[in-house]
Structures are given as structure tokens and as C-alpha cells.
Amino acid sequence: MALIDLGRGGGGNGRGTGGTPTKKPRLVMVVADPGRESTAALEWALSHAIVEGDDILLLHVNMPLHHPNSGGAAGGAGPSRSSSGGSAGSPIAALLGGGAGAADGVDFMEAMRTACKARYPRARVHGERVEPATEGREAKAQTILAESQRRRVELLVIGHRRCSSFLGLRSSSGKSSGGKGSSSGKSSSGSSRGHDSTAEFLIEHSKCLCVSVQKKGQNAGYLLNTKTHKNFWLLA
């Protein structure tokens, strides 16, 4: 299987030599939530997708606490309105690379912004919290979709909720290896695994490239999904 084309091509504002216009920066949106799924998505984006010259937008949708998609980046448990980045050992603390107390009392949005600036000091990093644009089960997904289209996002990254393990996956080298690689995401009985309504909705309906990211253990790599690549295992 071919590697995912992330459409890299960060540029810069202003004019280059001789007064010729330089390429407009690519806008990368990462869905931000106080959960490990969102953290994993940002980790992958910073290390594999974002390049120098890109603009970064961290978007958080303020979902009601009772909503099924109020939690982690892809609808996991936990309040979306939480302001804490977590204590030592939390996903945000690990992302920042600090020791004990690295993220104590730190707002998760600010912690994620700090991580972006640490990796790309010259990048323009914006963090925004928005209210849901509609109601219903897909309110979060529809709000993210509308914001990505309005802002002309070129790459959308969202964390995928940790679900059942996948079978028969293909590694990024294209070889099947002990359950690592590409598959249809179904068990031998044909039932769908790894279902995540928010991520799947965005992958299906986004005009730009949307990548859902699921971290498979501390050093096992990432499981990626796009419209054309299903359950693509990128080894660490």
C-alpha cells in the first residue's frame, strides 16, 4: 500500500525575491480535547504531517456534558469543558516531554499550543473554542466540518477513540506482520471494529484530507484512517 499523501507544502506570507508572491501557508487543523486520543493525534501531526511554514489551528467544540461526543477527541469519556491538562503522567504531560508536574493545572489547549510552539517555534498556532453549530448526535462532527470548510483547512487531524484491536493489518512497508498492516477493519465474522462516528463522519464528508489517528501502545506506532486508506499502520 502506498504511503498517505499528506499534501505537504508549507509556505509563507509576503513576497519572495524580486517581489514575487510566496505560497500561502497550509492550514492544518487538529481537533483538541482533554483526552489521550487528541494528544496522540497532535503527536502524530507534529512528527509526521506538519512541516515548517504551516499554520496550525487547534479547535475545541464545547459540547454539553451529557452529549455522547462530549469527551475525548473522538467521543470518549470525560467532560469536554474540562480546563485541566491533567497531572503528572497524563497524556498532555507526556506530550510536553516534562517530568512530574509538567502539566499540573495547565489548560489542555494551552498545553497543546505550547507543544506546537516547542516543535515549530516560528509557526502561527491558534487555539479556538467554538459552540456546536447544530444539535443531535453528529453536532460535534458537523461543527468541525463547517469550521474546516469556512477556514479552508487543507489537512484535518482527529484522534480516534481506542477500540478493539484490529486483525491482519499491514505495516507501512506493505508487508503483513503479525497483525500489523492494512485490513478492512473487520473481524473474521465480518463485524466492524474501531467504530468512531465523529472521525468516520469527518473522513467521509471533509473536502480536505482528513486523517484519524489512533496510537497503538507506547512504541507500537499509529493506526491511521483516511477516505482512501483504511487501518493503515504506521510503525513508530
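With a relative accessibility of 0%, Cys116 counts as buried (under 20% relative accessible area, where exposed means over 50% and partly exposed lies in between, with a 1.4 Å probe and protein chains only). The structure holds 0 disulfides, a disulfide being a pair of cysteine sulfur atoms within 2.5 Å. Cys208 takes part in no disulfide, and its nearest cysteine sulfur, that of Cys210, is 6.7 Å away.

| Residue | Relative accessibility | Class |
|---|---|---|
| Cys116 | 0% | buried |
| Cys208 | 14% | buried |

This is a predicted model, in which local features need pLDDT of at least 70 and side-chain atom pairs count only at pLDDT 80 or more, while totals for chains, interfaces and linings use all residues. Residues are numbered from 1 along each chain as its sequence is written, and side-chain values use heavy atoms, with hydrogens and water left out.

An open sheet of mixed pairing is formed by 7 strands in the order E3-E2-E1-E4-E5-E6-E7; strands are DSSP runs (E, at least two residues), as are helices (H or I, at least four), numbered from the N terminus, and two strands pair if DSSP finds at least two bridges between them. Strand E3 (125-130) and strand E7 (232-234) stand at the edges with a single partner strand each, so one side of each is left without a neighbour in the sheet. Strand E4 (residues 155-159) and strand E5 (residues 209-215) run parallel and are joined by 5 bridges, and Leu155 stands opposite Leu209 in E5.
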